[in-house]
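My entries follow in the order in which I made them.

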Amino acid sequence: MITIEINEERHDISEVNAGWINEQIRKRQDAGVAVCLRIYVKRDNIDIVLSCGDCSSQGGGGGRPPNQSEQHLFSLWESFGCKGGPINPGKVIAFLNQIK
């Protein structure tokens, strides 16, 4: 399961599309509102949260190092330029399309 959260508004990835993601990020950025985006990925051997933008710390990774599948997603997130900020909706959408 993949879930996207933008400023505490959380949806399953199947409930949203690229236009919605882009609109939610851009309208907040245009209004000068700090934007926090989190992607929750839970699958057979994956349980991670990826974040970018103005997110407060969640307290770190769950007390264990990431397994190979999780590390692959962390690396992919970084390679798409999604880590940190400002948030680029196009890059986030490209990342999500890659992992669906």
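**Aromatic pairs**

For a pair I required that the rings of Phe, Tyr or Trp (its six-membered ring) have their centres within 6.5 Å; planes under 30 degrees apart count as stacked, over 60 as edge-to-face and the rest as tilted.

The model is predicted, so I took local features only at pLDDT of at least 70 and side-chain atom pairs only at pLDDT 80 or more, while totals for chains, interfaces and linings use all residues. Residues are numbered from 1 along each chain as its sequence is written, and side-chain values use heavy atoms, with hydrogens and water left out.

I checked W77 and F95: the ring centres are 4.9 Å apart and the planes stand at 75°, so this pair is edge-to-face. It links distant parts of the chain, with W77 in helix α2 and F95 in helix α3, 18 residues apart. Helices (H or I, at least four residues) and strands (E, at least two) are DSSP runs numbered from the N terminus.

Both W77 and F95 are buried. I used under 20% relative accessible area for buried, over 50% for exposed and partly exposed in between, with a 1.4 Å probe and protein chains only.

The other entry is F80 with F95, an edge-to-face pair at 6.1 Å centre to centre and 80° between the planes. F80 sits in the loop between α2 and α3 and F95 in helix α3, so this pair ties together parts 15 residues apart in sequence. F80 counts as partly exposed at 22% relative accessibility, whereas F95 is buried at 0%. I noted that ring pairs link W77, F80 and F95 into a cluster.

**Helix α2**

Since W77 lies in α2, I went to that helix next. α2 covers residues 68–79, and at 1.5 Å a residue its 12 residues should span 16 Å; the end C-alpha atoms are 16 Å apart, which agrees. The expected span is 1.5 Å times one less than the number of residues.

Which residues of α2 are buried? I listed E70, L73, L76 and W77. They cover an arc of only 120° around the axis, which puts them on the same side of α2; the arc is that of the directions from the helix axis to the C-beta atoms. An α-helix has 3.6 residues a turn, so residues three or four places apart point the same way. The face turned away from the buried side carries the exposed residues Q68 and S79.

What covers the buried residues of α2 includes β3 (36–43), β4 (46–53) and α3 (89–99), where contact means heavy atoms within 4.5 Å.

At the N-terminal end of α2 I found N67 as the cap, with a side-chain oxygen 3.0 Å from the backbone nitrogen of S69. After α2 comes G81, with a positive phi near 75°.

**Cysteines**

I counted 1 disulfide, taking a pair of cysteine sulfur atoms within 2.5 Å as the rule. C36 and C55 form the disulfide, with their sulfur atoms 2.0 Å apart. The link is right-handed, with 105° about the S-S bond. C36 lies in strand β3 and C55 in the loop between β4 and α2, so the pair ties together parts 19 residues apart in sequence. C36 is buried at 10% relative accessibility; C55 is partly exposed, at 24%.

C52 is buried at 3% relative accessibility, and C82 is buried at 4%.

**Helix α1**

I ended with α1 (residues 18–30), which has 13 residues and reaches 18 Å from its first C-alpha to its last, close to the 18 Å expected. Its buried residues are W20, I21, Q24, I25 and R28. They cover an arc of only 120° around the axis, which puts them on the same side of α1. They pack against β1 (2–6), β2 (9–12), β3 and α3.

At the start of α1, a side-chain oxygen of N17 comes to within 3.0 Å of the backbone nitrogen of G19. Just after α1, G32 takes a positive phi of about 75°.

Notes: Polar contact = N/O pair within 3.5 Å; in protein donor to acceptor, adjacent residues only side chain to side chain.
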